[in-house]
Amino acid sequence: MKDEGIEALLGRLQPAAPDDALMARLRAARPQPKRSRRVIYLWAPLAAAAVLAIALIPRDQPASIAPDMAKVEEPQPVTSLQHLMDVADLGIVEDENNMPVRLIRTRWINEVVYASADGGEPVKEGRLREEVLPVSLPIY
């Protein structure tokens, strides 16, 4: 019973009004509304239109090759040599027809000799090449 009486008393209570000086300070300290959002909404479509306009401007064609650059000839290959460096058996697998196939890995050095454009020493170029070769195995 006592609890019901206390609850009734608490229900009738009201908070005290804030002091007038405090309310005046709170009203004075209220931030002013910002206008930056309105400015963003105004400038964002204009910026997008400017970017689109710049993207649609036709670009100049690349300049033609300079006359001295056009005279440069590419070196012509004279000879080509292939050196087998390594052979390795990778094992036996089945192909799409369930037939056995042996896989062999080979490593080569391809050596190409180019003639010099000015008649000087020939230029050699070497490249490493690796291949995996399938070799079918006969079944009797």
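The side chain of Asp-89 reaches the backbone nitrogen of Gly-91 at 3.1 Å, a polar contact being a pair of N or O atoms within 3.5 Å, where within protein one must be able to donate a hydrogen and the other to accept it, and residues adjacent in sequence count only if both atoms are side-chain atoms. The model is predicted, so that local features need pLDDT of at least 70 and side-chain atom pairs count only at pLDDT 80 or more, while totals for chains, interfaces and linings use all residues. Residues are numbered from 1 along each chain as its sequence is written, and side-chain values use heavy atoms, with hydrogens and water left out.

Asp-89 lies in strand 1; strands (E, at least two residues) and helices (H or I, at least four) are DSSP runs numbered from the N terminus. A second polar contact joins the side chain of Asp-89 to the side chain of Arg-102, at 2.6 Å. Not counting residues up to four places away in sequence, Asp-89 touches Arg-102 and Leu-103, contact meaning heavy atoms within 4.5 Å. The C-alpha atoms of Asp-89 and Arg-105 are separated by 6.4 Å, although these residues are 16 apart along the chain. With a relative accessible area of 49%, Asp-89 is partly exposed; buried means under 20%, exposed over 50%, and partly exposed in between (1.4 Å probe, protein chains only).

Three strands form an open sheet in the order 1-2-3, with antiparallel pairing; two strands pair if DSSP finds at least two bridges between them. Strand 1 (77-94) and strand 3 (123-136) are the edge strands, each pairing on one side only. From one strand to the next, the twist averages 15 degrees (axes are lines fitted to C-alpha atoms, for helices over the stretch in contact, and angles run from 0 to 180 degrees between N-to-C directions). Strand 1 is joined to strand 2 by 15 bridges, and Val-93 stands opposite Val-101 in strand 2. These two strands form a hairpin with five residues between them, and Asn-98 in the turn has a positive phi of about 60 degrees. Strand 2 (residues 100-114) is joined to strand 3 by 14 bridges, with Arg-102 opposite Val-135 in strand 3.

Thr-106 is placed in strand 2 and counts as buried, at 6% relative accessibility. Its side chain makes a polar contact with the side chain of Trp-108 (3.1 Å). Beyond residues up to four places away in sequence, Thr-106 touches several others, among them Leu-84, Val-87 and Leu-133.

Five salt bridges are found in the whole structure, each defined as a side-chain nitrogen of Lys or Arg within 4 Å of a carboxyl oxygen of Asp or Glu. One of them joins the side chains of Arg-107 and Asp-86 (3.8 Å, N to O). This pair links distant parts of the chain, with Arg-107 in strand 2 and Asp-86 in strand 1, 21 residues apart. Arg-107 also meets Glu-130 in a salt bridge (2.8 Å, N to O), and here Glu-130 in strand 3 and Arg-107 in strand 2 are 23 residues apart. Arg-107 is partly exposed at 29%, and Glu-130 is partly exposed at 47%. A further salt bridge is formed by the side chains of Arg-129 and Glu-131 (2.5 Å, N to O). Through shared partners, salt bridges join Asp-86, Arg-107 and Glu-130 into one network.
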